[in-house]
Amino acid sequence: MTQDTDPKPIGLKDLGWSSHFLRQLDIDEIGQVIPLRITAVHRDRLDALGEPGALTLTLPPGMSAGEVAVGDWVITEPDESRVARVLERRSLLHRKAAGHRAQDQLIAANVDTLFVTTSMNADFNVARLERYVALAHAGEVTPVVVMTKSDLCDDPDPYFDALRKALP
């Protein structure tokens, strides 16, 4: 048996590309620009994945890293490592940033499902679960609550009962 040493190329569809994003391209841009999905946001740069592989991108003048979220789709010009524009999102998870200014902090974009994980121990907090589920609903994302450590819990029923009561 031989092992294939060439990594399988990443397709846009594998990264979540859909007709929603394709429709945002002008007809003359199709095949001419490079769509990339943001995988990390840093203070002065973005990490992205696309058909060319992993790339590091710079932001255009006037755009801050706070305007881009992990999961965003961006367009670059060939042979450019700068974002030309951010495509319209299908969903967005965001919250109010800490501090006195009423500013949004972007968490993730173009997400279908948010898995909210909590353990069945002293860390279990219904109010926190309600906040995360509300965050998901506000971002048009399907929440799924995952309960862990049931094997370390004498009786999981009170945790499930509290969860059902708070989130019917």
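**Entry 1: the sheet**

I looked up the open sheet of five strands and found the order E3-E2-E1-E4-E5, with antiparallel pairing. Strand E3 (53-57) and strand E5 (83-86) stand at the edges with a single partner strand each, so one side of each has no neighbour in the sheet. Direction ignored, neighbouring strands of this sheet are turned by 40 degrees against each other on average. For such angles, axes are lines fitted to C-alpha atoms, for helices over the stretch in contact, and angles run from 0 to 180 degrees between N-to-C directions.

I noted the terms. Strands (E, at least two residues) and helices (H or I, at least four) are DSSP runs numbered from the N terminus, and two strands pair if DSSP finds at least two bridges between them. In general, strands of a sheet pair through backbone hydrogen bonds, either parallel or antiparallel.

**Entry 2: the model**

This is a predicted model, in which local features need pLDDT of at least 70 and side-chain atom pairs count only at pLDDT 80 or more, while totals for chains, interfaces and linings use all residues. Residues are numbered from 1 along each chain as its sequence is written, and side-chain values use heavy atoms, with hydrogens and water left out.

**Entry 3: two strand pairs**

I followed strand E2 (residues 46-50) to E3: five bridges join them, and they run antiparallel. A hairpin of two residues links E2 to E3. Gly-50 has Gly-53 in E3 as its bridge partner.

I then took strand E4 (residues 73-76), which pairs with E5 over three bridges in the antiparallel sense. Opposite Ile-75 I found Arg-85 in E5.

**Entry 4: Glu-29**

Glu-29 is in the loop between helix H1 (19-22) and E1. Its relative accessibility is 13%, so Glu-29 counts as buried (buried is under 20% relative accessible area, exposed over 50%, partly exposed in between, with a 1.4 Å probe and protein chains only).

**Entry 5: Arg-37**

I found Arg-37 in strand E1 (residues 34-41). A polar atom of the Arg-37 side chain lies 2.3 Å from the backbone oxygen of Leu-15.

**Entry 6: loops**

I checked Asn-121, in the loop between strand E8 (113-119) and helix H2 (126-138). Asn-121 has 28% relative accessibility and so counts as partly exposed. Its side chain reaches the backbone nitrogen of Asp-123 at 2.8 Å. Not counting residues up to four places away in sequence, Asn-121 touches Lys-149 and Tyr-159 (contact means heavy atoms within 4.5 Å).

Lys-149 is in the loop between strand E9 (142-148) and helix H3 (157-166). Its phi is near 65 degrees, a positive value in a residue other than glycine. Most residues other than glycine have a negative phi.

Asp-79, in the loop between E4 and E5, also has a phi near 65 degrees. Asp-79 is exposed, at 84% relative accessible area.

How values were computed:
Polar contact = N/O pair within 3.5 Å; in protein donor to acceptor, adjacent residues only side chain to side chain.
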